[in-house]
2 protein chains.
Amino acid sequence: MLKIFVRPLHHPAARDISVEGILYALSDPVRMQIFAEIESADCPQICSNFLVVAKKELPKSTLSQHFKILRESGLIRSERKGVEMHSTTRCTELRDRFGPMIRAIIAAYQKTSGQAKKKRS
Amino acid sequence: MLKIFVRPLHHPAARDISVEGILYALSDPVRMQIFAEIESADCPQICSNFLVVAKKELPKSTLSQHFKILRESGLIRSERKGVEMHSTTRCTELRDRFGPMIRAIIAAYQKTSGQAKKKRS
DNA sequence: TTCGTTAGTTCATGACTTGTGAACTAATGG
DNA sequence: CCATTAGTTCACAAGTCATGAACTAACGAA
């Protein structure tokens with residue numbers, strides 16, 4: 001049968017990473033948590049996607065989408081390692097392009113998470 | 001007839017402002033532009049909503065929604081001044097709660113805006 | 001007072017997005 | 001070659017967003 005299912009794993013070039021795209025990616029609590037975990041585990045940290053997340057009671061397809069959005073926003077770089085997927089933050093490129101923004105976001109998130117009573121909308 | 005149409009103009013308390021809500025609000029290019037304009041026009045700057053925006057070729061209802069999202073995320077404070085609406089950034093509260101995050105986002109946005117070739121999704 | 005204008009909100013709805021189960025791929029280990 | 005693990009893709013229901021139409025609310029002029 002030989003269906004060719006190349007799955008390209010697209011990562012944007014550094015110059016194509018936008019502030020808006022990053023903010024959008026991190027505006028979801030699940031993605032923020034995932035990214036903060038990868039980021040704070042000593043940059044650049046390599047980890048299996050679904051071990052990092054410890055399933056979080058979310059379906060695989062949902063997590064797969066979240067990782068895709070993080071990847072395509074330029075925040076993480078993913079590589080297939082055998083049957084697993086490993087992700088690292090693109091922290092050097094991100095710092096070069098956006099200065100202290102990412103660090104400031106993670107710091108603010110870690111300082112305030114779990115204490116807001118309301119959410120948007 | 002005397003319909004009472006109180007329109008409350010809700011602003012969240014500082015402790016209820018979340019990082020995710022702010023990132024979501026600023027992940028839209030129109031809102032980012034509006035906020036950057038208010039913010040960079042010397043904090044806290046008071047300005048008529050629709051003059052700041054100079055209509056941007058968007059319908060009023062759309063802009064009204066964008067201002068509402070900025071307001072309810074906690075980024076701006078709005079006040080009715082006669083027939084106009086005036087907004088200021090809540091920069092002191094935001095700095096107290098989130099440190100340099102907002103400034104870092106605006107700086108990164110101003111440094112890179114207009115140069116990304118692709119956008120999210 | 002009433003009319004007109006300006007500034008903005010609310011509502012309804014159609015278009016787009018997002019989350020998820022089901023079915024799939026792809027690598028590895030018996 | 002079958003089973004298992006890890007993850008992706010697809011389809012579609014449910015939710016969110018953008019916008020025109022209709023409205024409010026303040027003010028100025030006659």
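1. The structure under review is a predicted model, and the points below should be read accordingly.

2. Symmetry of the two chains. Two copies of a chain are related by a rotation about an axis and a shift along it.

3. Extent of the interface. The contact between the chains involves 33 residues of chain A and 33 residues of chain B. On the side of chain A that touches chain B, the elements giving two or more residues are helix H1 (19–26), helix H2 (29–40), H4, helix H5 (91–98) and helix H6 (101–112) of chain A. H6(A) gives the most to this side, namely seven residues.

4. The side of chain A that touches chain B is made up, by class, of 17 nonpolar, seven polar and nine charged residues. Because 100% of the interface residues of chain A are also interface residues in chain B, the copies meet through the same surface.

5. Packing of H2 and H6 in chain B. Two packed helices are described by the angle between their axes and the distance between the axes. For helix H2 (residues 29–40) and helix H6 (residues 101–112) of chain B, the angle is about 110 degrees and the axes are 11 Å apart. H2(B) is therefore roughly perpendicular to H6(B), since angles of 65 to 115 degrees are placed in that class. The crossing of H2(B) past H6(B) is left-handed.

6. Residues at that crossing. From H2(B), the residues B:Met32, B:Ala36, B:Glu39 and B:Ser40 meet B:Ile106, B:Tyr109 and B:Gln110 of H6(B). The residues of this contact of H2(B) with H6(B) comprise four nonpolar, two polar and one charged.

7. A:Thr62. This residue lies in helix H4 (residues 60–73) of chain A. Is A:Thr62 buried or exposed? A:Thr62 has 11 C-beta neighbours inside 10 Å and so counts as exposed, the limit for that class being 12 or fewer. A:Thr62 and A:Ile34 are 28 residues apart along the chain, and their C-alpha atoms are separated by 13 Å.

Terms used. Residues are numbered from 1 along each chain as its sequence is written. Chains are lettered from A and ligands numbered from 1 in the order in which they are written. This is a predicted model: local features need pLDDT of at least 70, side-chain atom pairs count only at pLDDT 80 or more; totals for chains, interfaces and linings use all residues. Axes are lines fitted to C-alpha atoms, for helices over the stretch in contact, and angles run from 0 to 180 degrees between N-to-C directions. Helices (H or I, at least four residues) and strands (E, at least two) are DSSP runs, numbered from the N terminus. Angles under 35 degrees count as roughly parallel, over 145 as roughly antiparallel, 65 to 115 as roughly perpendicular and the rest as oblique. A crossing is left-handed if the near helix is turned anticlockwise from the far one by less than a right angle, and right-handed if clockwise. Two residues are in contact if their C-beta atoms, placed from the backbone, lie within 7 Å. Ala, Val, Leu, Ile, Met, Phe, Trp, Tyr, Cys and Pro count as nonpolar, Asp, Glu, Lys and Arg as charged, and the others, Gly among them, as polar. A residue is buried if 20 or more other C-beta atoms lie within 10 Å of its own, exposed if 12 or fewer, and partly exposed in between; C-beta atoms are placed from the backbone.
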